[in-house]
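Subject: Handover of a structure and notes on its contents

Dear colleague,

Please find below the structure that I am handing over to you. My notes follow it.

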Amino acid sequence: MGKEGDPSSYKYSILIPTYNERLNIALVTYLIFKHLSGINFEIIVIDDASPDGTQEVVQQLQKVYGEDRILLRPRQGKLGLGTAYVHGLKYASGDFVVIMDADLSHHPKYLPSFIKKQIETGADIVTGTRYVKGGGVHGWNLMRKLTSRGANVLAQTLLWPGVSDLTGSFRLYRKPVLDEVIKTCVSKGYVFQMEMIVRASRKNYNIEEVPITFVDRVFGSSKLGGSEIVQYLKGLVYLFLTT
């Protein structure tokens, strides 16, 4: 553990779940190294048996950057987002854990602002938000923007978590806080991110926000389908009744 106020004295573990991200993982890795020079970090890739060769690309990246900086921790199949973080956390040695997507919808250029915000405020969680001044969405059609915005407004109204972007999945946690919050979560898929932040809010953890622009995935197809939206609504009702 480092001195308070000095990011270079902490270690950051970056968890990246992957499924068919062969075209994105090398670029996102390069950008993380570019934007976090001078920071002690590791990248933990949790791959769900991608058939497209994602793991082989990660193995090549390990040769470039070192197996101590890039950890490949695969699983046997497509087992869901929540359990991917639980799996990755077992191998994380950082004081803080960052969770982000591999598909470049979460740009690594924002990582320094997450770290700076945490250092300045002493926050337990820093979450990227699309819905404050300076944040936004790029590459979504109007329907998708309305769906996402509507999902957040609905969640705000029912759950009052005090966080503007509940369904975002670009976050930094103190490791003990993530360990604690993740244990209480039962949701799968899209709802999982929302449950994490709502439960953290109920536990009165200090949550800060930084504006980000979410860019629609560069390569591959979005994993958010109609079934995920139904799942989201069910999850919202569940959280409303149980938190």
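This is a predicted model: local features need pLDDT of at least 70, side-chain atom pairs count only at pLDDT 80 or more; totals for chains, interfaces and linings use all residues.

Residues are numbered from 1 along each chain as its sequence is written, and side-chain values use heavy atoms, with hydrogens and water left out.

Helix α2

Helices (H or I, at least four residues) and strands (E, at least two) are DSSP runs, numbered from the N terminus. Helix α2 covers residues 54–65, and Thr54 belongs to it.

The buried residues of α2 are Thr54, Gln55, Val57, Val58, Leu61 and Gln62. They line one face of the helix, because they fall within an arc of 155 degrees when seen down its axis; the arc is that of the directions from the helix axis to the C-beta atoms. Here buried means under 20% relative accessible area, exposed over 50%, and partly exposed in between, with a 1.4 Å probe and protein chains only. The exposed residues Lys63 and Val64 sit on the face of α2 turned away from the buried side. The cover over the buried residues of α2 includes β1 (11–18), α1 (22–35), β2 (40–47) and β3 (70–72). Just after α2, Gly66 has a positive phi of about 105 degrees.

Thr54 counts as buried because its relative accessibility is 0%. A polar atom of the Thr54 side chain lies 2.9 Å from the backbone nitrogen of Glu21, and the side chain of Thr54 also reaches the backbone nitrogen of Arg22, at 3.1 Å. Apart from neighbours within four places in sequence, Thr54 is in contact (heavy atoms within 4.5 Å) with Thr18, Asn20, Glu21, Arg22, Ile25 and Asp47.

Strand β4

In strand β4 (residues 96–99), Phe96 and Val98 point one way and Val97 and Ile99 the other, and all are buried. Two strands pair if DSSP finds at least two bridges between them. β4 pairs with β1 in the parallel sense over four bridges, and Val97 in β4 is the bridge partner of Ser13. Four bridges also join β4 to the antiparallel strand β7 (residues 171–174), where Arg171 stands opposite Ile99.

Aromatic pairs

Rings of Phe, Tyr and Trp (its six-membered ring) pair if their centres lie within 6.5 Å; planes under 30 degrees apart count as stacked, over 60 as edge-to-face and the rest as tilted. The whole structure holds six aromatic pairs. In one of them, the rings of Tyr10 and Phe96 have centres 5.3 Å apart and planes at 85 degrees, so the pair is edge-to-face. This pair links distant parts of the chain, with Tyr10 in the segment before β1 and Phe96 in strand β4, 86 residues apart. Tyr10 is buried at a relative accessible area of 2%, and Phe96 is buried at 1%.

The rings of Tyr85 and Phe192 have centres 5.9 Å apart and planes at 25 degrees, so this pair is stacked. The pair joins helix α3 (residues 81–89), which holds Tyr85, to helix α7 (residues 190–202), which holds Phe192, 107 residues apart. Both Tyr85 and Phe192 are buried. One aromatic cluster is formed by Tyr10, Tyr12 and Phe96.

With kind regards

How values were computed:
A polar contact is a pair of N or O atoms within 3.5 Å; within protein, one must be able to donate a hydrogen and the other to accept it, and residues adjacent in sequence count only if both atoms are side-chain atoms.
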